[in-house]
Amino acid sequence: MNLPSPAIVAERSAERLPRLALILLCAAYVLPGVFGRDPWRNADLTAFGFMASIAEGRAPWWQPAIAGIPAEGGPLPYWLGALAIKALPFLSAPLAARLPYALVLVGVLIAVWYACFHLARTEAAQPVAFAFGGEAQAVDYARALADGALLALMASLGLLRLGHETTPELVQLLAVSGYLYGLAAAPFRRIASRVAVLIALPALAASGAPTVACLLGMLGVLLNHRSSYREAKDQRVWLLGALTLAVLAAWAFNAWAWRVQAELRIKPLLSLLAWFCWPSGPMALWTLWSWRRHRMRRHITVPFIALLVPLLACITMDSSDRALLLALPSLAILAAFALPTLSRGFSAAVDWFSVFFFSAAALFFWVYYVSLHTGWPAQPLTNMRRLADGLVPQFNIGTLALAITATLAWLALVRWRTARHRHALWKSLALPGGGVALGWLLTMSLLLPPLDYALSDSPVVARLKPHVPADVNCLAAPGQSLPLLAAMEWHGGWRMRATGTLADTGCSHAIIGIAHAVPSGWTVVAQVRRPTDRSGAGSLVLIRRQ
């Protein structure tokens with residue numbers, strides 16, 4: 001039965017985003033943060049440590065390890081960085097490792113665009129046909145919605161930092177996006193859709209998310225089984241093959257792991273959902289309401305199943321933001337289908353909120369930058385010195401020119417959006433997407449030196465290095481965190497041993513926390529702290545075997 005569509009779209013509203021502007025916006029989103037920084041503490045530094053261990057021959061390709069501690073999950077994400085490090089020896093290892101991940105993020109954007117494009121081409125997703133013509137054509141309508149999905153994804157606050165790290169979760173995000181494309185394109189791209197699902201599910205399993213891969217595969221089989229498209233029904237065999245490969249990949253890489261937390265905390269979960277999924281989350285909810293009569297149609301069910309599984313993973317993993325990251329492509333696609341049904345008042349509210357919020361953020365970044373290099377106003381410089389003790393500001397004319405260009409582009413976008421009423425479907429997401437790109441670019445240009453100084457473990461290693469003999473055989477560091485061990489292996493060039501006890505390692509020197517008592521038979525050599533550690537509670541103590 002043909003149900004009336006809630007989308008009423010005139011031909012002029014199916015205007016596509018100018019391709020040059022779209023490419024420049026994507027470049028402004030993807031490239032900042034790739035160059036000129038160290039791996040940052042925690043997940044980014046840990047992942048780089050595993051990559052470097054493979055590339056430098058300190059660990060086998062099949063089992064990356066830091067200081068003797070093996071990586072959990074599949075090694076596929078670490079292979080990408082290690083191969084880039086070995087293939088690009090003329091670049092610094094952190095930069096070389098980040099380059100394939102920048103391409104991974106580009107692949108996510110492309111896969112989401114085409115997934116939304118093909119879903120919008122299905123019969124049930126089409127807008128209402130006008131009595132005397134003038135409605136949007138199918139391809140133009142689909143292209144405009146795909147532009148909106150891409151803007152919604154870039155506007156998602158949860159993707160901002162996690163999407164620019166070299167972590168397994170970004171490879172998982174590409175696999176989920178590729179799987180979405182494979183399901184969406186099944187009625188239109190027979191071969192490409194089958195190849196996509198055949199690669200996506202095993203890649204997801206080999207990247208540390210085999211349970212998510214299996215659940216997505218089973219739901220995809222059920223969805224295609226009840227589909228009215230013959231091509232989608234034929235894809236079931238390929239999905240079963242992809243499921244088999246995913247199970248084999250997880251078994252071969254020992255990627256199965258139990259990460260479910262027994263406790264469910266509602267308040268942290270709601271807080272995470274509120275900011276992490278903005279602005280796609282509220283728009284996706286509106287889509288589910290406005291298209292409720294079409295809830296079993298393909299353009300709703302495909303992104304919904306790819307949303308449901310990561311959401312369940314997030315809930316069962318104690319509100320994990322990295323599990324919720326995999327839901328962002330589906331949220332962006334669902335948000336795009338809200339665009340034809342939004343009221344003018346809602347669009348205006350989103351525009352004005354974006355103008356004020358991102359303009360204020362840009363002003364904040366510029367004030368801190370001016371204070372850092374001129375000393376006026378004094379308070380921001382005082383705050384920054386308190387955050388990063390010992391930081392020496394360095395002026396870069398190229399960075400300044402890039403930030404000025406981005407700010408002028410933002411002002412031009414604001415003027416374009418507010419000068420007159422625009423009819424394009426994606427107009428409501430132009431300012432949120434552009435504002436997020438502006439904020440990220442300004443942060444990674446104007447404030448990159450103090451951020452890199454504060455978030456990198458290079459300064460603490462530099463403070464420790466003068467106290468460590470050049471001929472030290474190894475450093476024992478049992479109980480220390482993986483990011484710190486990775487920093488010491490990379491920045492310090494030391495052989496680290498973190499397994500066993502101090503007596504078992506045979507190392508002449510060791511690192512312990514300030515809260516730990518010095519073992520008998522050892523003597524203190526030096527005590528160092530991070531520049532950002534004001535209390536000294538995280539200080540490190542270098543000890544020597546007597």
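**View A. Arginine 121 over the face of phenylalanine 188.** In this predicted model, arginine 121 lies 4.4 Å from the ring centre of phenylalanine 188.

**View B. Arginine 292 over the face of tryptophan 289.** Here the distance to the ring centre is 3.8 Å.

**View C. The aromatic pair of tryptophan 113 and tyrosine 114.** The count of aromatic pairs comes to 18. Tryptophan 113 and tyrosine 114 form an edge-to-face pair. Their centres are 4.9 Å apart, with 75 degrees between the planes. Tryptophan 113 counts as buried because its relative accessibility is 11%, under the 20% limit. Tyrosine 114 is partly exposed, at 38% relative accessible area.

**View D. Tryptophan 291 and phenylalanine 337, an aromatic pair linking distant parts of the chain.** This pair is edge-to-face too. Tryptophan 291 sits in the loop between helix 13 (280–290) and helix 14 (298–316). Phenylalanine 337 sits in the loop between helix 16 (328–336) and helix 17 (344–374). The two residues are 46 residues apart. Tryptophan 291 is buried, with 0% relative accessibility. Phenylalanine 337 is buried as well, with a relative accessible area of 0%.

**View E. An aromatic cluster that includes Trp278 and Trp410.** Phe353, Phe357 and Phe358 belong to this one cluster along with the two tryptophans, Trp278 and Trp410.

Methods: Residues are numbered from 1 along each chain as its sequence is written. This is a predicted model: local features need pLDDT of at least 70, side-chain atom pairs count only at pLDDT 80 or more; totals for chains, interfaces and linings use all residues. Side-chain values use heavy atoms; hydrogens and water are left out. Rings of Phe, Tyr and Trp (its six-membered ring) pair if their centres lie within 6.5 Å; planes under 30 degrees apart count as stacked, over 60 as edge-to-face and the rest as tilted. Buried means under 20% relative accessible area, exposed over 50%, partly exposed in between (1.4 Å probe, protein chains only). Helices (H or I, at least four residues) and strands (E, at least two) are DSSP runs, numbered from the N terminus. A charge sits over a ring if NZ of Lys or CZ of Arg is within 6 Å of the ring centre and within 35 degrees of the ring normal.
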